[in-house]
Amino acid sequence: MIPLSIGCLFSDRIEALLDGRVQISDATTTIHCVEAQTLFRQVLREQAYDVAELSMGSHIAAVAAGRRDYVALPVFLSRSFRHGNLYVRTDRGIDRPEDLAGKRIGLVDYQQTAALWLRGILADDHGVARTSIDWITAGLHAPVLTDRAPGAMPPGIRVTRSPATLDAMLADGTLDAVISPTTPRCVRHPSAPVAPLWPDARATEMAWFGRTGIFPIMHLVVVRRRLVEANPALYDALVAAFEQALAFALDDLAARDFPKVAMPWLKRAAADAAGATGPVWRYGVEANRGTLERMLRYAVADGLATEALALEGLFT
């Protein structure tokens with residue numbers, strides 16, 4: 001039996017692995033549920049786990065930089081629409097996405113996957129060039145010292161690290177906008193002129209999905225390369241286990257008589273989402289090729305990868 005340490009966020013997609021309904025063939029597991037930014041730092045800096053959930057943007061950047069510690073599984077534990085994660089100052093004349101050209105936008109990490117998606121959406125759909133923005137990276141609610149600074153950027157892309165926080169800079173007007181999966185506190189403060197750029201983000205996201213058919217990938221799973229090289233069957237065993245755990249999660253949403261999370265009408269919400277998007281929670285490269293190719297195109301435009309990096313290179 002192969003002993004495996006697994007680091008991941010808690011979600012229903014790994015619940016069956018946690019409670020033992022799903023076992024990884026020929027392996028014993030110790031699963032650690034860790035907050036996202038801490039987990040990603042542990043994986044990228046320390047290679048702390050044998051198997052780990054990782055930001056897709058970070059994985060692309062790591063592979064492009066020649067990192068070979070881990071090999072990726074086509075298992076996408078986190079997906080999320082991201083239009084609702086762009087917050088703007090309402091006193092800067094930013095009434096539509098096109099108004100962001102020439103502004104200062106904050107984000108936690110340049111390679112953060114939510115930021116990768118929104119930079120691509122702003123450029124593709126609204127003509128906001130990456131080179132027209134001053135990108136400021138900082139901790140959201142606490143100063144963060146990090147070594148995850150981007151390397152050499154394409155000509156014209158400007159990225160600056162700040163010792164302040166995104167929340168403080170958005171509140172005092174140092175920033176014009178912030179991209180953040182977590183809502184900045186100042187959004188809830190009545191005195192701060194801050195609001196989401198898209199007031200009805202769900203409607204915007206549904207319309208975007210209708211045009212593109214894309215449910216954005218956020219995180220994937222990686223496994224320590226030397227373990228797979230020593231145990232070739234481990235790769236398929238991991239994929240099979242995560243697929244089985246996903247099937248349990250989807251069945252639970254459809255069949256449980258009581259809500260598994262503290263949300264009324266959960267079953268109805270799940271049915272409505274499935275009706276609007278279809279079976280979008282899918283693993284595998286081919287089932288997600290269009291989404292992955294778009295991510296790689298965005299990463300090249302962002303300067304996180306070069307055109308020499310092929311899609312298959314992310315999973316071999």
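What covers the buried residues of H8? Follow the stops below to find out.

**Before you start.** This is a predicted model, where local features need pLDDT of at least 70, side-chain atom pairs count only at pLDDT 80 or more, and totals for chains, interfaces and linings use all residues. Residues are numbered from 1 along each chain as its sequence is written, and side-chain values use heavy atoms, leaving out hydrogens and water.

**Stop 1: the helix.** Select 233–255. This is helix H8, with 23 residues. Helices (H or I, at least four residues) and strands (E, at least two) are DSSP runs, numbered from the N terminus. H8 reaches 33 Å from its first C-alpha to its last, close to the 33 Å expected at 1.5 Å a residue. That expected span is 1.5 Å times one less than the number of residues.

**Stop 2: its buried residues.** Colour Leu-234, Tyr-235, Phe-242 and Asp-252, which are among the buried residues of H8. Buried means under 20% relative accessible area (1.4 Å probe, protein chains only). Their cover includes strands S1 (2–8), S3 (51–55), S4 (70–79) and S11 (217–224), plus helices H1 (15–18) and H7 (225–230).

**Stop 3: the sheet.** Now show the open sheet of 5 strands, ordered S2-S1-S3-S11-S4 with mixed pairing. Two strands pair if DSSP finds at least two bridges between them. S2 (27–33) and S4 stand at the edges with a single partner strand each, so one side of each has no neighbour in the sheet.

**Stop 4: one pair.** Zoom in on S4 and S11. They pair in the antiparallel sense over 6 bridges. Find Ser-78: it stands opposite His-219 in S11.

How values were computed. Buried < 20%, exposed > 50% of the residue type's maximum accessible area, 1.4 Å probe, protein only. Contact = heavy atoms within 4.5 Å.
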